[in-house]
Amino acid sequence: MSLSDLGGARVLIAGGSRGIGLAIAAAFARQGARLSLCARGADGLQRARETLEAGGARVHVQACDLADPARIEAWVEAAATALGGIDVVVNNASGFGNGDDDASWRAGFDVDLMAAVRTNRFALPHLRRSEAPAILNVSSINGRVPTPRAAAYSTAKAALDYYTVTLATELARERIRVNAIAPGSIEFPGGLWDQRRTSEPALYERIRERIPFGGFGHADDVAAAAVFLCSPAARWITGQVLAVDGGQSLPA
């Protein structure tokens, strides 16, 4: 991997088959990175692989239940073998624990938090051999701003933010950079806000009108920030949680 760009970078993306994860994968592919994607659904992964390979990307995929530590370890090792190592890890998966029942809380902590912890733990031996190692955790502005209807999800994301800063502190002397991005309300086909546009139109309009930049963000907006933070252009940035939200989290 060149220290001046992402050409040839070996990038793992957890939750990379659709939406924000797929947009991040496509953005890395445009920079010449080699990719390994995981998600729970094999069909979605295959579609993502075909889409990315049609643009000339080199892509490894493996189905993985990110609530299962053994499956995570198997994916990370298979990805390292397929790509010849690991330079960048992007933890994008979410359990979308939007309720207040035990299942929602388990989903939040098992997938939003512990999947990132475990993926990073298994990837670290490989990252230590990289010339430009970077970890990126995909959080949410919900981790900063109390949000009705999403106590479990928001709490898990707040924990992910704290973990990001703590891990960055632990790894700083090794020059392994650890950052996070915190998207605001992002609309993409099949995503939460795309669904709410028809299922909860009043809520959809209320949230849309509150975003200072005027409307929902796009997955490509998040992908651009992700590529920057993982690139050598951000070589002096670590331990940061960057909001990508069109001003949504600013004080009213």
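Start with Phe28: leaving out residues up to four places away in sequence, Phe28 touches Leu6, Val11, Ile13, Ala33, Leu35, Val88, Val90, Ala226, Val227 and Cys230, where contact means heavy atoms within 4.5 Å. The model is predicted, so local features need pLDDT of at least 70 and side-chain atom pairs count only at pLDDT 80 or more, while totals for chains, interfaces and linings use all residues. Residues are numbered from 1 along each chain as its sequence is written, and side-chain values use heavy atoms, with hydrogens and water left out.

Phe28 belongs to the largest nonpolar core, which has 38 residues; Phe28, Leu35, Leu37 and Val90 have the most contacts inside it. Such a core is a set of buried Ala, Val, Leu, Ile, Met, Phe, Trp, Tyr and Cys residues joined through side-chain atoms within 4.5 Å; buried means under 20% relative accessible area, exposed over 50%, and partly exposed in between (1.4 Å probe, protein chains only). Helix 8 gives the most to this core, with 8 residues. A second, separate core of 31 residues includes Leu12, Trp75, Leu167 and Leu171.

Now for the sheet. Seen in order, its 7 strands run 3-2-1-4-5-6-7, in an open sheet with parallel pairing. Helices (H or I, at least four residues) and strands (E, at least two) are DSSP runs numbered from the N terminus, and two strands pair if DSSP finds at least two bridges between them. Strand 3 (58-63) and strand 7 stand at the edges with a single partner strand each, so one side of each has no neighbour in the sheet. Strand 6 and strand 7 pair in the parallel sense over 4 bridges, and Ala180 stands opposite Val241 in strand 7. Helix 4 packs on the sheet, touching strand 4 (88-91) and strand 5, and its direction makes about 175° with that of strand 4. Helix 8 (residues 219-230) lies across strand 4, strand 5, strand 6 and strand 7, at about 170° to strand 6. For these angles, axes are lines fitted to C-alpha atoms, for helices over the stretch in contact, and values run from 0 to 180 degrees between N-to-C directions.

Helix 5 (residues 151-171) has 21 residues that should span 30 Å at 1.5 Å a residue, and its end C-alpha atoms are 30 Å apart, which agrees; the expected span is 1.5 Å times one less than the number of residues. Its buried residues, among them Tyr153, Lys157 and Asp161, pack against helix 4 (102-127), strand 5 (134-138), strand 6 and strand 7 (241-244).

As for charges, the whole structure holds 8 salt bridges, each a side-chain nitrogen of Lys or Arg within 4 Å of a carboxyl oxygen of Asp or Glu. In one of them, Asp87 pairs with Arg10, the closest N and O atoms being 2.9 Å apart. That pair links distant parts of the chain, 77 residues apart. Asp87 is buried, with a relative accessible area of 1%, and Arg10 is buried at 16%.

Glu187, Asp194 and Arg197 are linked in a network of salt bridges. The closest N and O atoms are 3.3 Å apart for Glu187 and Arg197, and 2.8 Å apart for Asp194 and Arg197. Arg197 counts as partly exposed, at 40% relative accessibility. Ser185 sits in the loop between strand 6 (177-183) and helix 6 (192-199), and counts as buried at 9% relative accessibility.
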